[in-house]
Amino acid sequence: MRVVLTALMLLYAGLALAIDSEPPFADPGLQARYEQLTHEFRCLVCQDETVADSNAELAADFRRQIHGMVEAGRSDAEIRQYMVNRYGNFVLYKPPMQRSTVLLWAGPFILLLLALVIVARVVRRRARAQEGAP
Amino acid sequence: MIPELGHLALILALGLATAQAWFGLVGAQRRDGVWLAVVRPAAVAQALFVLGAFAALAYSFLTCDFSVAYVAENSNVALPWPYRITAVWGAHEGSLLLWVTVLALWTLAVARFSRHLPQEFAGRVLGVMGLVTLGFCLFMLTTSDPFMRLLPAAEQGRDLNPILQDPAMAIHPPMLYMGYVGFSVAFAFAVAALLGGRMDPVWARWSRPWTLTAWLFLTFGITLGSWWSYYELGWGGWWFWDPVENASFMPWLVGTALVHSLAVTEKRGAFKNWTALLAIAAFSLSLLGTFLVRSGVLISVHSFASDPRRGIFILSMIGVFVGAALTLYAWRAPTLARGGGFEPFSRETLLLLNNIFLVVAASSVLLGTLYPLFMDAFGLGQLSVGPPYFDAVFVPVMLPFLILLGIGPYVRWKHGDPAATARTLRIAGIAALLAGVVSLILMHGEGALMLGAGALLAVWIGGSAFIEPLAYLRRRRQGRHTTLSRATLGMCVAHLGAAALVLGISVTSLLGIEQDRVMRPGETASVAGYDFSFEGVHPEAGPNYEARQGIFRVSRRGRAVAEMRPEKRAFTTTETTEAAIEPGLFRDFYIALGNPLDQGAWSVRIQYKPLVRFIWLGGLLMMLGGILAASDRRYRARETAAATEYA
Amino acid sequence: MKKLAQYTPFILPGLVLLFLIGLFARGLFLDPSKVESPLIGKPSPAFSLPELKQPDKRLDQSLFQGHVTLLNVWGAWCVACHEEHPVLVELAARKLLPIYGLDYHDDPQAALTMLEKDGDPYTAVLFDASGDVAIDWGVYGAPESFLVDKHGVIRDKYIGPITPEIIETRLIPMLQQLQAEP
């Protein structure tokens with residue numbers, strides 16, 4: 001926590017949002033990819049902001065590196081892997097699909113399916129009760 | 001002297017709350033009229049003492065009494081007086097006192113408006129609320145005392161976080177708490193019914209206005225929070241799926257299910273188990289929210305300072321309250337009399353589906369919010385679950401729900417007529433399809449499908465919401481004697497709010513434009529067909545800050561549209577970004593300053609946000625719908641005869 | 001069996017509650033903001049950086065070969081680093097292992113001044129002006145420190161200041177273990 005506080009204290013703490021000072025890409029497709037990517041990564045200093053929005057110096061460094069990688073023609077997957085290699089899955093706002101996250105991604109849909117099956121049963125049961133008593 | 005009196009008031013309130021709980025719950029169990037008679041006065045006295053404690057803390061803030069540690073940490077001589085009051089709930093201890101104060105207000109309301117309820121039942125309701133008061137007073141007095149002295153007194157005090165010096169931020173917590181704490185009333189009603197072993201339509205009619213009122217405050221509080229975050233934080237967003245945002249959204253989803261489930265219990269005596277469980281769940285999620293903000297268990301922008309001791313206390317409270325309630329539920333709910341049967345195509349079925357979808361949605365939000373903790377606790381590694389996950393999961397779950405939203409009001413109870421329903425909804429359906437197809441074609445690109453779906457659903461729900469009021473007006477014009485109850489009108493208004501919300505979210509997400517760029521004085525940027533001309537940044541002084549203000553002139557095809565002045569404000573402790581917003585019903589312009597670069601150039605973010613205001617308009621309409629529904633004539637208590645049912 | 005199926009919906013919420021309380025109780029003693037490093041067990045990233053005190057000299061990852069090392073990420077701008085510094089100076093005096101510094105996003109003059117005034121525990125200081133090497137190491141704040149074994153493989157990471165407690169309970173035991181390895 002000390003680490004985070006120290007970094008914060010030096011870098012216009014609080015909730016001043018950062019605006020990107022990287023030069024925009026000439027190709028709007030690359031620019032769109034770059035913007036999408038910087039919104040996908042979590043700033044590790046201000047951990048409740050995206051790399052795109054964070055004012056931390058580290059976030060500015062990340063943006064610089066991502067900008068460079070997009071320019072150099074790296075793919076989105078490669079760039080994500082670059083970040084994950086250094087910081088782990090924590091840095092991704094979209095949790096990866098892996099064995100430990102199957103429950104996370106499938107859970108809501110399984111739950112919905114299960115619930116709808118139960119509803120079908122209940123409704124059928126009630127309909128039968130309806131025939132019995134007015 | 002005043003802080004000590006405040007502290008004493010809390011201790012007295014604790015004692016009275018204990019009496020309130022004891023005499024209420026045990027008195028009802030023993031059917032002891034004398035004991036039960038004590039409950040209401042005890043509750044009123046306890047509430048008044050709590051209000052006194054709050055007044056004492058507010059007074060300490062107003063007079064800048066820095067010999068009170070909490071005041072010294074959250075206030076400053078330069079703070080304008082209205083913000084001295086709002087600073088009372090700016091941090092942990094004070095916000096707890098606000099929690100208990102809001103609970104005191106609800107207690108007074110219940111004490112006042114429960115005279116028509118059977119004495120035992122009212123005793124149980126107030127008794128449960130007394131237990132909650134007891135828990136929170138104990139929590140404050142043992143771990144989080146706002147009246148602790150700081151000796152020697154601080155001279156200046158520390159400044160309140162500048163982003164909290166704002167009107168919307170000031171009332172956002174009280175409104176949220178009115179909602180969270182209000183669900184304790186619904187909880188108390190459910191527990192009282194379970195204890196008494198009976199839960200019938202009359203009970204539902206009593207419970208509903210209280211629940212609706214809590215729900216509408218929560219709706220307002222969340223809407224305020226989203227709006228505040230948009231205009232204050234400088235990122236142009238309105239929802240981040242942050243754990244504490246989710247902590248307010250989950251009780252809202254469950255609360256929405258609850259008010260609809262109550263309708264079924266009221267009209268048909270059915271869904272009792274659902275209603276009881278939803279009432280318990282809504283309050284449990286409120287307590288969970290309280291826990292999450294103060295425990296440090298999740299990373300969040302809202303977190304108050306965390307302390308494991310406090311976390312342990314709240315967790316124990318959750319265990320006790322929710323555990324006891326669920327045990328009671330498991331024991332008593334199976335014995336509740338079943339309600340009437342209904343056919344597969346009926347309003348009951350649709351409201352059952354309503355419950356299902358809302359509960360699954362709330363569960364999904366809970367799953368995503370807690371998954372990082374789950375992974376960490378089980379040694380499976382660290383993970384972040386952010387907006388990409390929630391958007392990917394929440395939207396598909398909600399889509400079928402939104403379609404059903406339009407249908408439900410026009411299906412009869414018990415025995416629906418599909419042909420009649422289809423006939424009623426024909427025009428709305430066609431309009432919706434048209435809107436969807438037109439949007440799809442007009443956008444023709446990435447996101448066109450989502451935009452089409454959004455437009456379709458918004459017109460569908462909105463159209464459906466207008467049908468009943470229009471039919472009423474038509475009947476009036478025909479000279480027929482007809483009524484439109486406030487409850488029905490409230491439903492239509494609230495559903496219209498949902499339509500506005502869906503439209504606002506779809507359009508702003510899919511058609512909004514955000515541009516980060518470097519601009520030099522004299523340069524013009526073109527965004528969404530508008531020209532933004534940057535004229536440079538100059539210094540400005542504020543009451544307790546120094547600002548750097550930029551000037552942008554917005555024009556369209558040569559005609560001036562607006563002048564916008566974003567700022568960077570430097571306070572004593574931090575610096576903030578004040579975005580310039582040019583509001584409009586159909587679009588907002590949004591400009592935030594970034595960082596100064598050489599030769600007067602600045603990095604800036606310019607955003608075009610179409611229909612973003614519809615999001616909060618939707619929230620306000622839902623709140624208005626709740627007000628209308630809660631004030632329906634049939635809830636105005638005038639009967640004394642109903643008491644005999646339980647006597 | 002039928003009774004169980006009948007009662008399940010009534011018992012299930014209670015079971016969910018128990019699970020959640022257990023989860024939260026465990027969570028109260030975790031710190032979610034400390035990001036675990038995926039580099040533990042992996043060889044140190046390749047780098048080539050100038051030495052702070054002798055800017056013409058360049059150092060690379062071969063400097064880890066042959067002995068167990070502590071790499072400490074710091075900066076003169078970092079308040080917690082100033083607090084940590086005496087502990088490092090004392091550790092260096094014990095001559096248990098070489099301590100290398102990674103001066104991160106710093107002004108070289110301020111860094112040199114700090115070493116002059118507060119003591120210099122470092123065998124050498126790598127100067128990372130851009131912060132890119134620190135990112136390769138998965139650094140996200142200062143101070144952070146890494147324990148690197150004789151073959152240049154990162155074996156442990158300490159987030160936040162090194163304290164005497166960390167030295168005694170984590171660093172020294174691991175150091176002994178790593179030194180004993182071939």
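Two residues are in contact when heavy atoms lie within 4.5 Å. With that cut-off, chain A and chain C meet through 22 residues from chain A and 31 residues from chain C. The model is predicted.

**Chain A with chain C**
- Chain A and chain C bury about 2,000 Å² between them.
- Carbon and sulfur atoms carry 58% of that area.
- Two salt bridges are counted between chain A and chain C.
- A salt bridge joins the side chains of C:Asp136 and A:Arg86, at 2.8 Å from N to O.

**Chain B with chain A**
- Here the contact takes 58 residues from chain B and 47 residues from chain A.
- The buried area is about 4,500 Å², and carbon and sulfur atoms give 67% of it.
- One salt bridge is found across the interface of chain B and chain A.
- B:Arg605 pairs with A:Asp53 in a salt bridge, with the closest N and O atoms 2.7 Å apart.

**Two helices packed within chain B**
- Helix H7 (residues 167-196) and helix H10 (residues 272-295), both of chain B, pack at an angle of about 140°, and their axes are 8 Å apart.
- That angle makes H7(B) oblique to H10(B).
- The crossing of H7(B) and H10(B) is left-handed.
- H7(B) contributes residues including B:Tyr177, B:Tyr180, B:Phe183 and B:Phe187 to the contact.
- H10(B) contributes residues including B:Ala276, B:Ile280, B:Phe283 and B:Arg294.
- By class, the contact of H7(B) with H10(B) has 12 nonpolar, two polar and one charged residues.

How values were computed
Residues are numbered from 1 along each chain as its sequence is written. Chains are lettered from A and ligands numbered from 1 in the order in which they are written. This is a predicted model: local features need pLDDT of at least 70, side-chain atom pairs count only at pLDDT 80 or more; totals for chains, interfaces and linings use all residues. Side-chain values use heavy atoms; hydrogens and water are left out. Axes are lines fitted to C-alpha atoms, for helices over the stretch in contact, and angles run from 0 to 180 degrees between N-to-C directions. Helices (H or I, at least four residues) and strands (E, at least two) are DSSP runs, numbered from the N terminus. Angles under 35 degrees count as roughly parallel, over 145 as roughly antiparallel, 65 to 115 as roughly perpendicular and the rest as oblique. A crossing is left-handed if the near helix is turned anticlockwise from the far one by less than a right angle, and right-handed if clockwise. Ala, Val, Leu, Ile, Met, Phe, Trp, Tyr, Cys and Pro count as nonpolar, Asp, Glu, Lys and Arg as charged, and the others, Gly among them, as polar. Buried area is the accessible area (1.4 Å probe) that two parts lose on being put together, summed over both. A salt bridge is a side-chain nitrogen of Lys or Arg within 4 Å of a carboxyl oxygen of Asp or Glu.
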